[in-house]
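Here are some exercises to work through with the model open beside you. Try each task before you read its solution.

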There are 2 protein chains.
Amino acid sequence: MATINSNFLKLKAGYLFPEIARRVKAYTEANPDKAGRIIRCGIGDVTEPLPSAVREAMHAAIDEQGDRATFKGYGPEQGYEFLRQAIVDNQYASLGISADEVFISDGSKCDTGNILDIFGKGNVIAITDPVYPVYVDTNVMAGNTGDADEKGAYAGLLYLECNAANGFVAEVPSEKADKKADLIYLCFPNNPTGAVATRAQLEAWVAYAKANDAIILFDAAYEAFIQDPEIPRSIFEIEGARDCAMEFRSFSKNGGFTGIRCAYVVIPKTLTGASDTGERIPLHQLWSRRHSTKFNGASYPVQKGAAAVFSEEGKQQVAELIEHYMGNAKLLREACLSLGLEVFGGINAPYVWVGCPDGLTSWEMFDKMLGEAQVVITPGSGFGSAGEGYFRISAFNSRANVLEVCERLKTLIA
Amino acid sequence: MATINSNFLKLKAGYLFPEIARRVKAYTEANPDKAGRIIRCGIGDVTEPLPSAVREAMHAAIDEQGDRATFKGYGPEQGYEFLRQAIVDNQYASLGISADEVFISDGSKCDTGNILDIFGKGNVIAITDPVYPVYVDTNVMAGNTGDADEKGAYAGLLYLECNAANGFVAEVPSEKADKKADLIYLCFPNNPTGAVATRAQLEAWVAYAKANDAIILFDAAYEAFIQDPEIPRSIFEIEGARDCAMEFRSFSKNGGFTGIRCAYVVIPKTLTGASDTGERIPLHQLWSRRHSTKFNGASYPVQKGAAAVFSEEGKQQVAELIEHYMGNAKLLREACLSLGLEVFGGINAPYVWVGCPDGLTSWEMFDKMLGEAQVVITPGSGFGSAGEGYFRISAFNSRANVLEVCERLKTLIA
């Protein structure tokens, strides 16, 4: 008799974003006259056109596929050298990362989920609260948790509470903590809170990981939005990180690749984990094998498009996109501040994290914003119980929409 | 202390195709004067240009991404409706499959590997020998096997031996067999042997699966190469398969998408497996959740290109590609037969499966073909110990190369 992975049955009913989509659909069907007014600041999806440098490179790659002499079939599973080298030259030039430590993929969501394939059972998983739900759900699927309690917290996970007091930057567990983390998910600039970590904060995490033989899974998908030159863009700016961290990055939020699909993970060859017999095994070797066996390389035209992000023209166009979205973030942040709301993020990140007014819960605020202002935000509690009482506004939108959202916020709350 | 998945350490040193690449590289470096003569019939990669209908659709999709009004960000994780519907209309019109039973992905290698996420531990896995190595290796990684013996056979797997006597079509285990299969990997037209299963043979498998509450993982990646109208193209042509089978298909080998990346799996909503408590759980629901959480949809221009495979122009162009490759297969098959070799496949599949002459082992034949004729084939033993003494020739090549390979074979063996 074929059996299923019963860990899936522990998952809470709805992944956050499908639940948002469901409520928006229900509202639209009940209020067809309001459908045209809806502005979506919920899911963190880009809205502006794909840069012309990227489009031109993709067009050229497709033309290559039309000629037998330049046709490309299966590419290297780990990605084409031209892209891996461009990434290292442009993103890791002074950080001691080599091109063969970069693995190209079709998305960071895939990478951060699939990475669990190479880890053992019984690791203590440290997860911030609030958190990007994929980290939690993939650990549930992998059997790394027990059941969820009524607040949605899973037994067995080590939750790192983020709150106003710590500025939504997770603190290193105290030496007296009853559990030591083995795998630590960190995301900076943070989704959903927009928080960034200082060099000193990241140094503390690297020191903790090294002291406990733990591994940091560092999600830097929003790195391009960092404005402050003092804030590290990569975990590999921290000494010793090569021995205790891997880093996930993406073309989704800088190059606008959410629909095109390209990302990468950097796994230093010096990063190891323990086998059942205590032998130190390079994670690079394991991921290389996983990638070769369960993946077949990212689409060739997509990889050519990604490489064009690093052309002179591409860099200029990406800079303009970042400037556009960060201008939006500033407007949203300032509008919320002017209303006396509690505001985090929006300075080095495209997300503004806002305290709900009048003691509303996150979903109450979601329903109020949708019902009274036709603005879709993301309820903070969807990212974990510590997110209750907050909501996230995404700066990924047109300027006109953002200005309109600011106006509606003022009408709604003032 | 972070631990790794020690099951990876059970994997044999080299995945077959990297080992072939290594030997070809070593030969080329040692014999630079022969490098230009090498003809690759090893890896099953297409060689002919991407159809113009596909390229035009992809170009148009990229142009859409350049305009804010038509820009597409994140798409549905399960794939765009336009593609799912086109697949059903063109591939499953009379087989009772609906569009929401189709899940689009970036490749069948990914799908056939990742599908294990939704199954429980302890299932008895039936694998043909010889076999596409991905089925085996992903089960090793998932902890569904013990160690490999000296011949490369993993403890715990239920091997279904394919050989000349059964025409390389796996037989249903006898009722007296000491183990019953829970998950059964079948691939028709077969990679590597080119064998196809008759309706009666597939009916026997469906009957076995239903009798034992097993699930058939049916890999139909080479379906487009079936010439014989009596041979089923889909497992869903067999009555009852909706309750015991899922089917993997790809655009790689018909549309030439090996470098573009698009595939799909069909999971009927009536297909269930047992939970730990014996509850019947639809696999569709589990894969939908897996796909939503660990995947973010295939690239939009790629999906538009895939849909163009089903346009009138696209169908005509794909038919020409199939005709080209099957013409190659016929030439290779006939050349081998004329040399008195034992030959399977090549009639309804792009692979010709040939007995090695003079008692050579598969790798001896590989080295002889490379060293004396500069032709790269695939050693049969790389697909499992029952493949020893055979080699695979791929028909994916230009006509000129295939004619040249036929000539060189005659010189080498005659």
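**Exercise 1: where the chains meet**

Task: describe how chain B meets chain A in this predicted model.

Solution. Start with the totals: 73 residues of chain A and 73 residues of chain B take part in the contact. Next, look for the elements on the side of chain B that touches chain A: α2 (52–64), α4 (108–114), α5 (133–141), β9 (272–274), α7 (283–294) and α8 (300–308) of chain B each supply at least two residues. Of these, α7(B) gives the most, with six residues. Finally, sort that side of chain B by class, and you get 31 nonpolar, 25 polar and 17 charged residues.

**Exercise 2: two domains in chain A**

Task: find the domains of chain A and describe how they touch.

Solution. Begin with the division: domain 1 covers 13–47 + 313–413, and domain 2 covers 57–311. Their C-alpha centres are 26 Å apart. The contact between them draws on 31 residues from domain 1 of chain A and 37 residues from domain 2 of chain A. On the domain 1 side, α9 (312–338), β11 (343–345) and β12 (351–355) of chain A give two or more residues, and α9(A) has the largest share with seven residues. By class, that side holds 16 nonpolar, 10 polar and five charged residues.

**Exercise 3: the core**

Task: which residues have the most contacts inside the largest nonpolar core?

Solution. The largest nonpolar core has 260 residues, and A:Ile184, A:Ile216, B:Ile184 and B:Ile216 have the most contacts inside it. Now follow A:Ile184: beyond its neighbours within four places in sequence, its contacts include A:Ala126, A:Trp205 and A:Ile216.

Technical notes. Residues numbered from 1 in each chain as written. Chains lettered and ligands numbered in written order. Predicted model: local features only at pLDDT ≥ 70, side-chain atom pairs only at ≥ 80, totals over all residues. Core = buried A, V, L, I, M, F, W, Y, C linked by C-beta atoms within 7 Å. Buried ≥ 20, exposed ≤ 12 C-beta atoms within 10 Å, placed from the backbone. Contact = placed C-beta atoms within 7 Å. Helix = DSSP H or I, 4+ residues; strand = E, 2+ residues; numbered from the N terminus. Nonpolar A, V, L, I, M, F, W, Y, C, P; charged D, E, K, R; others polar. Domains from an automatic or database assignment.
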